[in-house]
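Hi there,

Here is the structure I promised to send over. Have a look at it first, and then read on for my notes.

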Amino acid sequence: MTQTVVILTEDTLLDTDVAQIVETYAGRDVRFEVLVPADTDHNVLQEVVNDLGLLDLRRLWHDISTRDPDDRAARTEAAEALRLSLALLEAAGATADGVVVADDPLPALSQAVANHGAVEVVVVTTPKLLDDTLRRDWASRAREALGVPVLHLYTGSSIVG
């Protein structure tokens with residue numbers, strides 16, 4: 001019987017992310033439902049604190065100098081991230097589908113878990129010092145709300161959050 005695993009990612013999955021996810025579920029009959037939020041609202045202060053804490057000065061400059069995208073641009077960017085992520089998953093032999101969701105993805109994540117009878121959730125993000133420390137990151141919030149196992153991967157690495 002095919003099981004559903006929901007993947008929530010803030011950006012396009014990388015080859016390393018896909019390899020790690022596919023390897024984690026190797027030998028199981030799973031399909032993936034990918035959710036990509038349209039990032040329409042930047043909390044600049046929160047991003048600056050995260051960037052400083054991680055000593056990521058290049059990202060700090062980007063976060064300070066970048067304005068919030070309009071809704072259309074954010075949805076277009078998310079749709080492209082979704083398209084590329086699905087293509088990578090399918091190229092790795094996985095069955096996957098997905099949707100673009102609102103900026104706060106937790107309601108859509110809860111709905112996807114319920115609608116698909118998902119058995120697990122994988123959250124793929126960049127490290128966020130403030131959110132991760134205070135347990136306000138998507139993975140921690142999902143663990144509190146969903147009642148299914150939640151795996152938190154940091155994009156482009158083998159580090160599990």
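Below is what turned up, going from the sheet to the cores and then to the charged pairs.

One thing to keep in mind throughout is that this is a predicted model.

Five strands form an open sheet in the order 3-2-1-4-5, and their pairing is parallel. Strand 3 and strand 5 (150–154) are the edge strands, each pairing on one side only. From one strand to the next, the twist averages 20°.

Next, the nonpolar residues. In soluble globular proteins, nonpolar side chains tend to be buried together. In this model, the largest nonpolar core has 23 residues, and Ile7, Ile21, Phe32, Leu89 and Val122 are the ones with the most contacts inside it. At least two residues of this core come from each of strand 1 (3–9), helix 1 (15–24), strand 2 (30–37), helix 4 (71–91), strand 3 (95–101) and strand 4 (120–125). Helix 4 gives the most, with six residues.

Thr9 sits in strand 1, and its relative accessible area is 2%, so it counts as buried. Beyond its neighbours within four places in sequence, Thr9 is in contact with Val34, Leu35, Val36, Pro37, Val124 and Trp138.

Finally, the charged pairs. A search of the whole structure finds four salt bridges, and here are some of them:

- Arg31 and Glu33 form a salt bridge whose closest N and O atoms are 3.0 Å apart. Both residues are buried.
- Arg83 and Glu80 form a salt bridge with the closest N and O atoms 2.7 Å apart. Both lie in helix 4, three residues apart, about one turn of the helix. Arg83 is partly exposed, with a relative accessible area of 48%, and Glu80 is also partly exposed, at 35%.
- Asp104 and Arg141 form a salt bridge with the closest N and O atoms 3.4 Å apart. Asp104 is in the loop between strand 3 and helix 5 (106–116) and Arg141 is in helix 7 (residues 138–146), so this pair ties together parts that are 37 residues apart in sequence. Asp104 has a relative accessible area of 40% and is partly exposed; Arg141, at 23%, is partly exposed too.

Happy browsing, and do write back with any questions.

Best wishes

Technical notes: Residues are numbered from 1 along each chain as its sequence is written. This is a predicted model: local features need pLDDT of at least 70, side-chain atom pairs count only at pLDDT 80 or more; totals for chains, interfaces and linings use all residues. Side-chain values use heavy atoms; hydrogens and water are left out. A nonpolar core is a set of buried Ala, Val, Leu, Ile, Met, Phe, Trp, Tyr and Cys residues joined through side-chain atoms within 4.5 Å. Buried means under 20% relative accessible area, exposed over 50%, partly exposed in between (1.4 Å probe, protein chains only). Helices (H or I, at least four residues) and strands (E, at least two) are DSSP runs, numbered from the N terminus. Contact means heavy atoms within 4.5 Å. Two strands pair if DSSP finds at least two bridges between them. Axes are lines fitted to C-alpha atoms, for helices over the stretch in contact, and angles run from 0 to 180 degrees between N-to-C directions. A salt bridge is a side-chain nitrogen of Lys or Arg within 4 Å of a carboxyl oxygen of Asp or Glu.
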